[in-house]
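Hello,

Here is the structure I said I would pass on. My notes follow below it.

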Amino acid sequence: MIEARHLRVLRAVATTGSFSAAGRELGCTQPAVSQQMKALESSVGTPLLVRSGREMRLTQAGEALVRHASGILAGLTAAEEEVAAIAGLRAGRVRLVSFPSGSSALVPTALAALRAAHPGTRVSLEEAEPPRSVELLREGDCDLALAFRYEGARGTGGVGDAGDEWDDLVVRPLLRDRLVALVPERHPLARAASVAIGELAGEPWIAGCPRCRGQLVEVCEGAGFTPRIDFATDDYPAVVGLVGAGLGVAVLPQLAVESVRPRGARTVTLEPAVRREIVALTLPDLAQVPAVAATLDELERAAGRLLPPR
């Protein structure tokens with residue numbers, strides 16, 4: 001295998017015409033230059049220099065290797081500089097996938113802080129709900145995924161549990177997002193301090209994303225009824241608009257409500273509390289990449305400022 005240090009020595013010898021002059025240029029001794037040239041010739045399996053007294057000339061193989069050496073060494077230098085820039089957060093790219101309410105309420109603050117601290121780091125953003133976002137991460141189509149799961153939901157475990165659905169990933173907990181009831185502002189419960197979900201059993205419902213919809217049905221069935229879902233939409237502003245128009249009630253994560261101005265609707269604390277766990281996920285090797293690690297840190301800081309602990 002040809003080593004870069006040997007190529008540098010060969011190029012110096014070819015330029016200066018002798019081992020001693022090459023040693024002076026490289027800051028090493030003449031015997032060291034001679035030793036490295038012998039190692040290079042051993043690696044390629046053919047003589048590279050013809051020595052005649054004090055004169056030294058390149059063989060045909062030596063001329064070919066010197067001709068390629070400049071491009072090889074220039075490419076290595078460029079690669080070293082690019083890697084150093086990425087390692088020092090002067091450059092780098094992070095592909096982030098987030099669910100919509102995370103994209104609107106959590107991601108902007110984090111990415112603004114990241115750009116201010118590391119303007120050379122570029123972040124791309126796509127939207128996907130879990131579990132699709134987690135699949136994209138495992139398939140190598142993103143570097144970071146914002147995801148959520150409902151505490152106590154069937155088929156999931158808590159972080160660190162043996163049956164954890166994310167046990168092959170690095171999990172950075174961000175916040176616990178409490179669900180709130182959303183009712184029309186003229187609803188009898190609009191000004192209540194809190195509401196039990198069973199009190200809304202007879203209402204028409206507006207449901208959210210498929211995972212949220214499944215959680216709604218599970219919570220309602222736990223309270224002894226099956227919700228009558230009249231409308232279903234992944235768009236949180238549409239949920240708020242339908243409730244505001246008096247077409248039904250909904251249960252939304254507080255994070256989703258934070259990103260929408262609820263006109264004609266009021267939020268009411270839901271008892272007993274139902275929460276979802278919001279996390280940032282990445283692969284173990286990616287967690288060591290400086291740009292990914294910095295993005296994780298900024299997401300955690302943004303989450304700490306967003307919602308009070310509950």
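Leaving aside its neighbours within four places in sequence, which residues is Ala 61 in contact with? They are Thr 46, Pro 47 and Leu 48, where contact means heavy atoms within 4.5 Å.

Before the rest, some notes on the source. This is a predicted model, in which local features need pLDDT of at least 70 and side-chain atom pairs count only at pLDDT 80 or more, while totals for chains, interfaces and linings use all residues. Residues are numbered from 1 along each chain as its sequence is written, and side-chain values use heavy atoms, with hydrogens and water left out.

Ala 61 lies in helix H4. Its relative accessibility is 30%, so Ala 61 counts as partly exposed (buried is under 20% relative accessible area, exposed over 50%, partly exposed in between, with a 1.4 Å probe and protein chains only). From C-alpha to C-alpha, Ala 61 is 17 Å from Ala 4, and the two are 57 residues apart in sequence.

The chain as a whole:

- The chain has 11 helices and 12 strands; these are DSSP runs, helices being H or I of at least four residues and strands E of at least two, numbered from the N terminus.
- The radius of gyration is 31 Å, whereas a compact globule of 310 residues would have one near 19 Å (taken over C-alpha atoms; the globule rule is 2.2 Å times the number of residues to the power 0.38).
- The C-alpha trace spans about 105 × 35 × 30 Å along its principal axes.
- Of the 310 residues, 43% count as buried.

Next, the packing of H1. The axes of H1 (residues 4-16) and H4 (residues 60-87) come within 9 Å and cross at roughly 125 degrees. Axes here are lines fitted to C-alpha atoms, for helices over the stretch in contact, and angles run from 0 to 180 degrees between N-to-C directions. H1 and H4 are therefore oblique to each other (under 35 degrees is roughly parallel, over 145 roughly antiparallel, 65 to 115 roughly perpendicular, the rest oblique). The residues of this contact divide into 10 nonpolar, two polar and three charged. Nonpolar covers Ala, Val, Leu, Ile, Met, Phe, Trp, Tyr, Cys and Pro, charged covers Asp, Glu, Lys and Arg, and the others, Gly among them, are polar.

H1 also packs against H3 (residues 30-44), at an angle of about 115 degrees and with the axes 9 Å apart. On the H1 side the contact includes Arg 5 and His 6, and on the H3 side Val 33 and Gln 36. By class, seven residues of this contact are nonpolar, two polar and one charged.

Regards
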